[in-house]
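Student: I would like a close look at a single part of this model, taken slowly and with its surroundings. Could you walk me through it in one connected answer?

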Amino acid sequence: MIGKLNHVAIVVPNLEAASALYRDTLGAQVSSPTDVAEHGVTTVFVNLPNTKIELLHPLGDQSPIAKFLAKNPAGGMHHLCYEVANIKATADKLTADGARALGKIKTGAHGKPVLFLHPKDFCGTLIELEEV
Ligand code: CO
C-alpha cells in the first residue's frame, strides 16, 4: 500500500544554519525557505538522488512543532513521509484497522493531500502519508 519514501523531516532550531550545513558541508541541493501557514512551519527541502530531507522550523505561536523543539533544542528527526496512490482509501483502511489519524487530510508542503498518523500506532514514529 505505501510506496516510496518521499522525505524524512528534521526539526531544526536554525533554518539558515541547517540549510548551510546541508548545502555547503554536505554538498546537497537545498531549496529556499517556504512558509506553510496551514501547518505552522517553515520548510526547506534538501533534494537527494533517492529521497528528500525536509528541514522544519516553527512558524507562529501555535506551531505544532514548537513543543518538539523545546524538548529537543538541538533539533531531531520528526517524521517519515510515505507516498500513497489514494490517501482517502488508505486512511479508511488504516482507521478500520485501528490506527489513529492526527487530524484530517490537509494540503501539505508540496500542495498535495497529506495525513499524519499517530506515532504510538507506528513503532514510535510519526508518519505522514502523501498522495502522489
Ligand atoms: Co513532511
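Tutor: Let us begin with a pair of side chains, those of histidine 79 and glutamate 128, which are joined by a polar contact of 2.9 Å. The model is a predicted one, and what follows should be read with that in mind. Histidine 79 has its place in strand β6, and its side chain makes a further polar contact, of 3.4 Å, with the side chain of histidine 7. Histidine 79 is buried, its relative accessible area being 2%, and glutamate 128 is likewise buried, at 5%. If neighbours within four places in sequence are left aside, the residues in contact with histidine 79 are His7, Val8, Ala9, Glu54, Leu56, Phe116, Leu126 and Glu128.

Several of these names return at the metal site. The cobalt ion has as its protein donors the NE2 atoms of His7 and His79 together with OE atoms of Glu54 and Glu128, at 2.1 to 2.3 Å from the ion. The angles among the 4 donor atoms run from 86 to 175 degrees, and the site is irregular. Along the sequence the donor residues follow the spacing H-x46-E-x24-H-x48-E. Histidine 79 in strand β6 and glutamate 128 in strand β9 are 49 residues apart, so that this pair links distant parts of the chain.

Helix α3 spans residues 87-96, and its buried residues are Ile87, Thr90, Ala91 and Leu94. Seen down the axis of α3, these buried residues fall within an arc of 100 degrees, and so they line one face of the helix. At the N-terminal end, α3 is capped by asparagine 86, a side-chain oxygen of which lies 3.1 Å from the backbone nitrogen of lysine 88. After α3 comes glycine 98, with a positive phi near 100 degrees.

The cysteines complete this look at the surroundings. The count of disulfides comes to 0. Cysteine 81 is in no disulfide, the nearest cysteine sulfur being that of cysteine 123, 17 Å away; a disulfide would need the two sulfur atoms within 2.5 Å. Cysteine 81 is buried, with a relative accessible area of 0%, whereas cysteine 123 counts as exposed at 82% relative accessibility. Cysteine 123 is found in the loop between β8 and β9, and it has a positive phi of about 60 degrees although it is not a glycine.

Technical notes. Residues are numbered from 1 along each chain as its sequence is written. This is a predicted model: local features need pLDDT of at least 70, side-chain atom pairs count only at pLDDT 80 or more; totals for chains, interfaces and linings use all residues. Side-chain values use heavy atoms; hydrogens and water are left out. Buried means under 20% relative accessible area, exposed over 50%, partly exposed in between (1.4 Å probe, protein chains only). Helices (H or I, at least four residues) and strands (E, at least two) are DSSP runs, numbered from the N terminus. The arc is that of the directions from the helix axis to the C-beta atoms. A polar contact is a pair of N or O atoms within 3.5 Å; within protein, one must be able to donate a hydrogen and the other to accept it, and residues adjacent in sequence count only if both atoms are side-chain atoms. Donors are N, O and S atoms within 2.8 Å of the metal (3.2 Å for Na, K and Ca); water is not among the atoms, so sites may look incomplete. Four donors count as tetrahedral if all angles lie between 85 and 135 degrees; four count as square planar and six as octahedral if opposite donors are over 155 degrees apart and all others between 65 and 115; anything else is irregular. Contact means heavy atoms within 4.5 Å.
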